[in-house]
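Please read the following briefing alongside the sequence and the model.

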Amino acid sequence: MTRIVATVAALAILSGPLYAQAPKAAPAADAAKEKWESLFDGKSLTGWKETNFGGEGEIEVKDGQIILQMGQPLTGLTIKDGSKLPKDNYEITLQAMKRKGDDFFCALTFPIRDTHASFVVGGWGGSVVGLSSIDGQDASENETTDYVTLPKDKWHTIKVRVAGGKVECWLNDKQQVEVELKDKRLSTRIEVDANKPLGICCYNVEAAVKDIKLRRLEK
C-alpha cells in the first residue's frame, strides 16, 4: 500500500504546476515564417535571369553551382520576380567563391525598405569588404570598409540581415556590417542598379555561387 501511495504522489507532482510550466512549442505559423526558402534549385537558373549589364560573361549551372564567367567588367544574375520579396525583417545567405581574377567575386544587392544596397566582397583589387553605399560613399570609403584576404578556390559564407532598424552583414563567421537605418541614406552604385531588387554580380573575375537561401523573420 505504501508503494501505491508513493506512486500516486509522484504522478500528482508530474501533473502539477511545475510540469505544466514546460515550454510550449512555437506555433506552426511562426515556425513557417522563419523557415529557410531555397532560391536556387542547384540544377537551373529557374527564377533568375542573366543581368543585362552590357559586356557580361556567360553563366552556366554545373555541379550544383552557378558559374559566372568573367565579364567586361560585370557578370551577374537578378531574380525574375521581386514582387514577393520582403523588404524588411528577413535574412539571405549564400556561398560564393572566387575562381579567377582579383576583384569582387560577390556583390549581393538586396532590398531595404524603400531602397537597396550591395554587400561587396573582395572589391578594389581583391580585398575590400563593405556596404555600398552609405550617404553616397561606397564600400571602399565608408564606416563599413574592411580589408580581408580572400584566397581563390575557397567557398565563403555570405549573410545579410535586414531587421530591427538596421542592416547587418557577415562574411564567414565575422560580422562586417552593422548600420542603423535611422538618419542614413543607403543606395546602390549606378553600375549595379540592374541587379535590383535582388541580384548577385562579380567584377572582372570568374566566380561561383551556390546555396542561395532566404527566410522571413518575426517583426
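Gln 65 belongs to strand β4, which covers residues 65-68; strands (E, at least two residues) and helices (H or I, at least four) are DSSP runs, numbered from the N terminus. This is a predicted model, in which local features need pLDDT of at least 70 and side-chain atom pairs count only at pLDDT 80 or more, whereas totals for chains, interfaces and linings use all residues. Residues are numbered from 1 along each chain as its sequence is written, and side-chain values use heavy atoms, with hydrogens and water left out.

**Surroundings of Gln 65**

- Gln 65 counts as buried because its relative accessibility is 17%, where buried means under 20% relative accessible area, exposed means over 50%, and partly exposed lies in between, with a 1.4 Å probe and protein chains only.
- Leaving aside neighbours within four places in sequence, Gln 65 is in contact with Phe 40, Glu 60, Arg 99, Trp 155, Ala 208, Val 209 and Lys 210, a contact being a pair of heavy atoms within 4.5 Å.

**The chain as a whole**

- The protein chain holds 3 helices and 15 strands, and of its 219 residues 44% count as buried.
- Among the contacts between residues at least 6 apart in sequence, 64% join residues at least 24 apart.

**Salt bridges**

- Side chains of opposite charge can pair when their charged atoms come close.
- The whole structure contains 13 salt bridges, each defined as a side-chain nitrogen of Lys or Arg within 4 Å of a carboxyl oxygen of Asp or Glu.
- One of these pairs is formed by the side chains of Glu 206 and Lys 100, with an N to O distance of 3.8 Å. The pair links distant parts of the chain, since Glu 206 is in strand β15 (residues 206-216) and Lys 100 in strand β6 (residues 90-100), 106 residues apart.
- Asp 146 and Lys 174 form another salt bridge, in which the closest N and O atoms are 3.0 Å apart. Because Asp 146 lies in strand β10 (residues 146-147) and Lys 174 in strand β13 (residues 174-180), this pair ties together parts that are 28 residues apart in sequence. Lys 174 itself is partly exposed, its relative accessible area being 45%.
- Lys 196 pairs with Asp 193, the closest N and O atoms lying 3.8 Å apart. Lys 196 is partly exposed at 33% relative accessibility, and Asp 193 is likewise partly exposed at 30%.
- A network of salt bridges links Glu 91, Arg 161, Glu 168 and Arg 215.

**A patch of negative charge**

- On the surface, Glu 50, Glu 56, Glu 58 and Glu 60 gather in a patch of negative charge. Patches are made of residues with over 30% relative accessible area and no salt bridge, like charges being joined within 9 Å and nonpolar side chains (Val, Leu, Ile, Met, Phe, Trp, Tyr) within 5 Å.
- For charges, Lys and Arg count as positive and Asp and Glu as negative, while His and the chain ends are not counted; the place of a charge is taken as NZ of Lys, CZ of Arg, CG of Asp or CD of Glu.
- Glu 50, a member of this patch, is found in strand β2 (residues 48-50) and counts as partly exposed at 43% relative accessibility.

**Backbone features**

- The peptide bond from Gln 72 to Pro 73 is cis, with omega near 5°, and Pro 73 lies in the loop between β4 and β5 (74-79).
- Lys 196 and Pro 197 are also joined by a cis peptide bond, with omega about 5°; Pro 197 is located in the loop between β13 and β14 (199-203).
- Asn 89, a residue other than glycine, has a positive phi near 55°. Asn 89 sits in the loop between β5 and β6 and is buried at 14% relative accessibility.
- Asp 153, although not a glycine, has a positive phi of about 60°. The place of Asp 153 is the loop between β10 and β11 (156-163), and with 57% relative accessibility Asp 153 counts as exposed.

Conventions
Areas by Shrake-Rupley, 256 points an atom, 1.4 Å probe, with all protein chains shown as cover.
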